[in-house]
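Welcome! Let us take a friendly walk through one protein structure, residue by residue.

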Amino acid sequence: MISRTMEDYLAAIYRVETPAQRATTSAVARRLGVSAASASAMFHKMALAGLVRYREYLGVSLTARGRLAAMQVVRRHRLTERFLTDMLGIGWERVDRVADQMEHALPEEVTESFARVLADAAACPHGYPIPSRSGEVAARETIPLTEMDVGARGQVAWVSEEDATLLADLERRGLVPGASLRVVSGEPGAAERRVEVGGRRAARLDRRLLAAVAVEPQDRAS
């Protein structure tokens with residue numbers, strides 16, 4: 001049996017690791033709000049259960065079994081977020097926390113009912129892809145808004161979901177999944193850039209907002 005705590009860790013590892021790099025202990029611990037020592041102890045337990053590969057100081061990665069289990073958790077979470085937003089009208093700045101509280105208690109039949117009602121929605125309210133029942137995730141080529149060239153255009157793919165205040169600020173500025181944008185000024189990596197969103201007059205965005213947005217590039221025309 002995979003415990004609820006292990007499910008939380010599996011989902012956190014999935015969200016933190018990249019194809020090229022294991023998730024670091026500190027990054028997973030920070031995401032879950034636990035100490036690095038607690039995370040390390042859990043990684044050892046999960047490694048014994050065949051869910052992760054873990055080497056101290058080198059980080060942690062999911063095994064095939066662990067990844068499938070993680071995808072099931074992530075699917076429940078993101079479908080729940082979508083249901084809460086689309087069917088119950090709960091704001092996108094609140095649904096991540098509410099879904100965290102609900103996801104462990106939802107049987108598969110309820111989750112799949114959500115999927116049917118939502119016509120197999122492709123993404124959560126924040127733009128992250130919803131895994132299929134078999135654990136597959138649609139690939140998208142994205143780039144951080146911080147790194148886009150001046151003059152480049154794109155469409156918001158997804159935004160960071162953990163900070164409710166940040167989400168409210170992003171929504172006020174129109175930086176929501178699917179919104180078109182163009183970088184007007186500010187070199188890649190700059191602390192502040194001017195960005196035109198949805199055809200509105202270009203606004204100045206600080207690093208906090210820029211770092212929260214992933215973009216699907218469209219072209220590099222000015």
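## A buried threonine and its surroundings

In this predicted model, a polar atom of the Thr 80 side chain lies 2.6 Å from the backbone oxygen of Arg 76. Thr 80 sits in helix α4 (helices are DSSP runs of H or I with at least four residues, strands are runs of E with at least two, and both are numbered from the N terminus). Leaving aside neighbours within four places in sequence, Thr 80 is in contact with Ala 99, Met 102, Leu 106 and Phe 114, where contact means heavy atoms within 4.5 Å.

Is Thr 80 buried or exposed?

| Residue | Relative accessible area | Class |
|---|---|---|
| Thr 80 | 1% | buried |
| Lys 45 | 52% | exposed |

Buried means under 20% relative accessible area and exposed over 50%, with partly exposed in between (1.4 Å probe, protein chains only).

Now for the nonpolar core, a set of buried Ala, Val, Leu, Ile, Met, Phe, Trp, Tyr and Cys residues joined through side-chain atoms within 4.5 Å. The largest one has 24 residues, and Ile 13, Phe 43, Met 46 and Val 52 have the most contacts inside it. Helix α1 (4-16) supplies the largest share of this core, 7 residues. A second, separate core has 21 residues, including Val 159 and Leu 166.

Residues are numbered from 1 along each chain as its sequence is written, and side-chain values use heavy atoms, leaving out hydrogens and water. Local features need pLDDT of at least 70, side-chain atom pairs count only at pLDDT 80 or more, and totals for chains, interfaces and linings use all residues.

Conventions:
Polar contact = N/O pair within 3.5 Å; in protein donor to acceptor, adjacent residues only side chain to side chain.
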